[in-house]
Amino acid sequence: MTGKTKNMDNNLPLPPDKMPKCWNEEERISALFSPFRSKSANSQDWVSKYKFWQNLIYEWLKHTKRSSFSIVDLNNVFKRKGCSPLCLVTVVEELLRKNEIIPEIQFLKEPCETWAAWSIDIFVKKPLTWSFSKVKNYVINNEINKDTKYIHLQIVKELGDTLVSILERKKESILVPFSELVKCCKFEIDENISDNTVMLILIWLRREKRVIFRNCKNESELLIKIAIHPSDSVTEIEEGLYKLMKQENELIKEMELMEEEKINIINETKSYLAKGLRQVAKTYLRKKKELENNIEKRAQTLDNIQTLITSIQNTCTNTTILSAYKTGSDVLKKLNESNLSESNVKDIMDDLSEALEEQKELQSMMSESFVNDDSNIDLEQELAELMNDKNVFPSIPNTELNSNIEELQSNLENLHIKEAAVLNISPELPKKVHNKKILKQSERA
């Protein structure tokens with residue numbers, strides 16, 4: 001049993017886990033089903049009640065994959081214990097005022113100029129008109145027409161994103177027929193989604209310049225294409241390529257059926273041979289040969305069509321590449337026009353080289369000493385004279401130098417003796433240590 005059937009058996013518009021918790025609270029649900037009181041009397045209660053129905057309508061449409069509804073539909077869906085809500089007219093009026101829904105007639109109306117003009121008409125002009133009086137087309141005897149169909153814009157946007165993702169996955173086909181798109185939507189979105197809902201989504205996407213569609217010539221099929229640029233359109237080349245690909249698929253299916261028929265004929269031939277009916281078996285063999293000839297002809301036709309498709313696709317690719325080359329060439333030409341030439345570059349490089357040489361000379365000049373070279377020569381001469389002057393560095397006689405050295409050694413020995421006496425160390429110890437070091441060094445050598 002499907003979820004939808006289960007909901008119908010339980011008289012619930014949504015699965016139990018998606019229903020509001022207060023749906024089974026008698027006092028609360030009675031207040032929600034009753035008509036709206038004055039908003040000025042209790043604005044908080046009014047807003048809370050409106051939010052309840054706003055969310056419930058949205059969840060119901062999202063669950064059932066519907067984009068349009070009427071007040072009659074809502075009364076039937078949300079009926080509880082035989083009673084319909086008495087407040088839905090006010091809810092729909094508020095949804096209209098907030099531009100969350102739009103009358104289906106207005107939605108289907110072709111924009112007179114552009115998407116921007118349509119948006120201004122729907123989202124700016126209409127609310128101003130609605131503020132003063134209700135639109136006559138949707139009001140009868142000062143009461144809103146309960147049979148009027150409305151489009152929920154948020155649902156359409158969400159389903160539109162899903163539909164575009166389906167089209168993007170079908171990269172092998174530039175144009176997708178409406179019937180094939182509906183099958184994909186039933187398989188990937190929901191099996192209960194209607195053709196009308198898919199068409200409404202496509203109309204929304206066309207208004208947003210996200211898809212393009214038009215009727216195929218000599219056929220009743222509607223072709224859909226993803227719009228890469230807002231100015232895109234379905235070209236005759238794309239339509240011709242679509243027809244070739246369609247013919248290719250039809251030939252393949254036809255050949256598959258013929259192959260199955262051929263197998264059946266062979267089996268029939270064998271059965272008649274087993275029965276000894278050779279003449280009947282021969283007639284079946286003739287059918288088999290005719291069928292093989294037809295299969296061969298279809299195969300040749302299929303090969304020609306596939307060759308044409310490949311050639312057209314390669315030509316389109318080459319055209320795109322050539323267009324990119326042309327764009328690049330135009331850009332380079334514009335850059336060359338902005339003084340970017342061989343002679344101009346050479347002149348600039350020469351000027352740059354000269355500027356660098358001048359800069360190097362300036363740095364060399366700035367690093368020179370402020371002292372004159374003549375003064376340096378004078379200083380060198382003065383140093384030479386000082387070195388030759390005996391009065392500056394008096395010579396010391398060798399005898400005096402030797403006596404000074406002996407005196408220093410004697411003082412040093414006295415110092416060692418005094419330190420040893422203080423530390424109670426034998427004066428001969430330093431000599432012994434010194435002798436041991438010399439002995440060790442000689443042994444190592």
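Predicted model: local features only at pLDDT ≥ 70, side-chain atom pairs only at ≥ 80, totals over all residues.
View 1. Phe107 is buried, with a relative accessible area of 0%. Trp204 is also buried, at 2%. Both values fall under the 20% cut-off, so the two residues count as buried. Of aromatic pairs, the structure holds 10. The partners come from distant parts of the chain. Phe107 sits in helix 6 (residues 104–108), Trp204 in helix 10, and 97 residues separate them.

**View 2. Arg207 sits over the ring of Phe107.** The distance from Arg207 to the ring centre of Phe107 is 5.8 Å.

**View 3. Helix 8 packs against helix 10.** Helix 8 spans residues 153–169 and helix 10 spans residues 195–207. The angle between them is about 90 degrees, and their axes are 9 Å apart. An angle from 65 to 115 degrees counts as roughly perpendicular, and helix 8 and helix 10 are therefore described that way. Helix 8 contributes Leu153, Val156, Lys157, Leu159, Gly160, Leu163 and Val164 to the contact. Helix 10 answers with Thr197, Val198, Ile201, Leu202, Trp204 and Leu205. By class, this contact has 10 nonpolar, two polar and one charged residues.

**View 4. Helix 3 crosses helix 5.** Helix 3 covers residues 43–64 and helix 5 covers residues 88–97. They pack at about 80 degrees, with axes 10 Å apart. Helix 3 and helix 5 are therefore roughly perpendicular to each other. On the helix 3 side, the contact involves Trp46, Tyr50, Trp53, Gln54 and Ile57. On the helix 5 side are Leu88, Thr90, Val91, Glu94 and Leu95. The contact residues divide into seven nonpolar, two polar and one charged.

**View 5. Six aromatic residues form one cluster.** The members are Trp23, Phe33, Phe52, Trp53, Trp60 and Phe78. Trp53 also takes part in the contact of helix 3 with helix 5.

**View 6. Lys287 lies over the face of Tyr284.** Lys287 is placed at 5.0 Å from the ring centre of Tyr284.

Definitions and conventions
Residues numbered from 1 in each chain as written. Heavy atoms only, no water. Axes fitted to C-alpha atoms, helices over the stretch in contact; angles between N-to-C directions. Helix = DSSP H or I, 4+ residues; strand = E, 2+ residues; numbered from the N terminus. Parallel < 35°, antiparallel > 145°, perpendicular 65-115°, else oblique. Contact = heavy atoms within 4.5 Å. Nonpolar A, V, L, I, M, F, W, Y, C, P; charged D, E, K, R; others polar. Phe/Tyr/Trp six-rings, centres within 6.5 Å; stacked < 30°, edge-to-face > 60°. Buried < 20%, exposed > 50% of the residue type's maximum accessible area, 1.4 Å probe, protein only. Lys NZ or Arg CZ within 6 Å of the ring centre and 35° of its normal.
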